[in-house]
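Please read the following report alongside the sequence and the three-dimensional view, which are shown together below.

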Amino acid sequence: MTRLPFLTLLLVSLFILTLEAKTKDLYKVLGVEKTASQREIQKAFHKLSLQYHPDKNKNKGAQEKFAEINNAYEILSDEEKRKNYDMYGDEKASPRFDAGYSQDNDGYTYFTSGGGGPGHGQNIFRPGEWQSMGGSGGSKSFSFSFGGSGGPGSFGFGLNDIFSNFFGGDTKGGGQFGGFGGSTRSQSGPRSSPKNIRTINSQVFQKEISEQGMTWLLLSYTPTLKGNQHIESILEEVASTLQGALQVGSINCETELSFCKVLGIYPRRAPRVFIYSYISSDKGSLVEYNGELAVQDLKSFCQEHLPRFSKRVDLRHFEFPSVTSEKLPRVILLSTKKDTPVIWRVLSGLYRKRFILYDAQVQDVTDLTVRRLGVDALPAIVGWLSNGEKHVLKTGISVKDIKSAVNDLSILLGGFEKKNKKEGTRKAKTSTEEKRIPLLTGSNFDALCGESTPVCIIGAFRSSRAREKLESILSMVSQKSLTRRQNSAFGSRDSISYAVLDATKQSAFLNAFEKAGFKSVDKLLVAYKPRKRKFASFVGEMTIEEVERFIGSVLNGDIQFRETRKKPVLKQES
């Protein structure tokens with residue numbers, strides 16, 4: 001009979017201790033006003049979590065304080081939970097019960113007295129938080145639980161719950177001694193993925209991160225690891241200060257196990273932080289951050305790993321681009337900065353395969369080299385098309401923030417790239433027209449295949465499609481310097497002339513080479529030596545490689561020539 005008074009006394013003592021220990025206002029826990037912005041809440045959380053982190057603070061009560069801070073941030077950083085907390089004193093805003101009734105709701109038991117309900121004057125006891133809000137009409141409501149699964153008693157919790165919280169197990173044994181496990185459960189459980197951070201899987205990594213030119217700050221974690229939330233807040237703050245210069249993402253290695261192992265980023269004892277960097281390779285690689293988990297330190301690390309594909313030059317000795325074989329356009333940033341600006345480094349990563357980028361430090365627009373480029377205000381971007389044509393793309397560039405500047409200048413560079421492609425297409429078309437293979441006729445025969453020409457390559461066709469094929473191949477081959485032996489009879493490309501022939505209209509001409517006039521083929525090549533009246537023919541597959549091989553054999557004397565049946569004469573067209 002003596003056990004009952006003892007247990008009653010123990011329950012009352014625990015109740016009083018819980019009241020005193022858990023009287024907390026979440027806003028006061030973080031040291032912010034109720035009107036605080038999300039940015040202010042995040043900063044406060046970051047500052048306090050650094051101060052009370054168990055790995056750094058070994059003082060008594062630091063771990064409990066750290067838990068309070070995390071719990072407060074968990075609720076106040078979520079707009080929906082915060083709204084419910086402000087309205088009802090509980091982030092879930094779950095329905096409660098009238099006076100005199102109790103009900104277990106998600107592991108918490110609520111009691112009300114004097115009417116009302118949540119939001120009408122209440123004190124809420126929970127394993128990780130306590131809040132007291134002013135009531136109306138003198139009503140009070142109490143809610144408390146130790147989160148256990150044991151059957152509730154007359155006070156809304158079971159004896160198993162009490163002993164479970166103190167000794168990590170229930171009265172039946174089998175619990176985790178010294179912990180707060182047993183049959184209890186966490187208030188909100190581990191977060192399945194970081195808040196406000198992009199979730200990354202293998203598909204997203206391959207499509208949006210790998211070799212894309214953007215720097216990424218990545219967290220690898222599993223939901224059960226401690227410190228996830230603390231590190232997430234640091235990553236979020238770093239990303240916000242460098243917004244536009246890098247992206248931030250997280251990889252849940254519990255659900256992406258094989259992917260994490262392939263990348264070599266699986267976290268075993270603690271979350272790990274990596275940066276996808278382009279410092280050592282233009283393809284990008286993962287570099288782990290092993291420094292202090294402080295915003296400024298991590299930010300400096302990220303800035304060091306931003307791309308550097310822009311070549312720093314001295315404008316006084318810079319050779320301005322002219323017409324070259326390079327197909328890529330070139331751009332240079334002129335600014336007063338001693339080092340390459342962050343924005344230009346970001347752009348150098350994104351456009352490293354599409355532009356040749358430079359940057360230079362200049363004093364002001366009165367500099368002779370600056371005026372020579374036609375720049376009237378700094379910073380400025382000057383570009384050259386692949387044909388050497390110069391364009392002043394933008395002067396007096398104003399920057400609001402990194403993100404908007406990167407977006408604006410990306411549009412500018414994109415437009416210049418299109419202009420360069422358009423110019424390249426026009427130039428190629430003009431070049432093709434200039435190199436068009438002439439049609440062999442009576443009027444140009446002596447010029448193309450007369451006795452002054454050592455060898456004449458004639459492409460005979462019987463259809464428009466065959467003509468296009470021959471013209472295209474001969475045009476490309478005619479622009480190449482084919483390999484010749486030193487003792488070759490033909491010393492230069494000018495020793496050869498190229499022409500096409502309409503076989504349907506010049507059958508007599510072809511009869512001079514073969515009695516049937518090659519009537520069985522749609523297209524063929526004839527290598528004709530006018531002075532010797534000898535020829536060699538090719539009727540095989542018409543590809544660039546085969547045609548090059550045939551002509552190379554002709555030039556090197558590796559092919560047998562035959563005498564013509566008679567002198568080839570072109571029919572005069574009326």
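Arg 533 counts as partly exposed because its relative accessibility is 37%, where partly exposed lies between buried, under 20% relative accessible area, and exposed, over 50% (1.4 Å probe, protein chains only). This residue lies in the loop between β18 (523–529) and β19 (534–538), and although Arg 533 is not a glycine, its phi is positive, at about 50 degrees. Helices (H or I, at least four residues) and strands (E, at least two) are DSSP runs, numbered from the N terminus. The model is a predicted one, in which local features need pLDDT of at least 70 and side-chain atom pairs count only at pLDDT 80 or more, while totals for chains, interfaces and linings use all residues. Residues are numbered from 1 along each chain as its sequence is written, and side-chain values use heavy atoms, with hydrogens and water left out.

| Residue | Phi | Relative accessible area |
|---|---|---|
| Arg 533 | about 50 degrees | 37% |

Glu 211 is found in the loop between α7 (202–209) and β7 (215–221). A further loop, between α12 (368–372) and β14 (380–384), holds Pro 379, which is joined to Leu 378 by a cis peptide bond with an omega of about -10 degrees.

Which residues does Ile 41 touch, leaving aside those up to four places away in sequence? They are Leu 30, Val 32, Ala 36, Tyr 73, Leu 76 and Arg 82, where a contact means heavy atoms within 4.5 Å. Ile 41 is placed in helix α3 (residues 38–52) and counts as buried because its relative accessibility is 0%. Its C-alpha atom is separated by 7.4 Å from that of Tyr 73, a residue 32 positions away along the chain.

Two packed helices are described by the angle between their axes and the distance between the axes. For α3 and helix α4 (residues 62–76), the angle is about 165 degrees and the axes are 9 Å apart; axes are lines fitted to C-alpha atoms, for helices over the stretch in contact, and angles run from 0 to 180 degrees between N-to-C directions. The two helices, α3 and α4, are therefore roughly antiparallel, a term for angles over 145 degrees. Among the residues that meet across this pair are Ile 41, Phe 45 and Leu 48 in α3, and Phe 66, Ile 69 and Tyr 73 in α4. By class, the contact has 9 nonpolar, 4 polar and 1 charged residues, with Ala, Val, Leu, Ile, Met, Phe, Trp, Tyr, Cys and Pro counted as nonpolar, Asp, Glu, Lys and Arg as charged, and the others, Gly among them, as polar.

The largest nonpolar core has 55 residues, of which Leu 217, Leu 235, Leu 298 and Val 331 touch the most other members; such a core is a set of buried Ala, Val, Leu, Ile, Met, Phe, Trp, Tyr and Cys residues joined through side-chain atoms within 4.5 Å. Helix α13 (residues 402–434) gives the largest share of this core, 6 residues. Apart from it lies another core of 23 residues, including Leu 470 and Phe 538.

Across the protein there are 17 helices and 20 strands, and 46% of its 574 residues count as buried.

Notes:
Angles under 35 degrees count as roughly parallel, over 145 as roughly antiparallel, 65 to 115 as roughly perpendicular and the rest as oblique.
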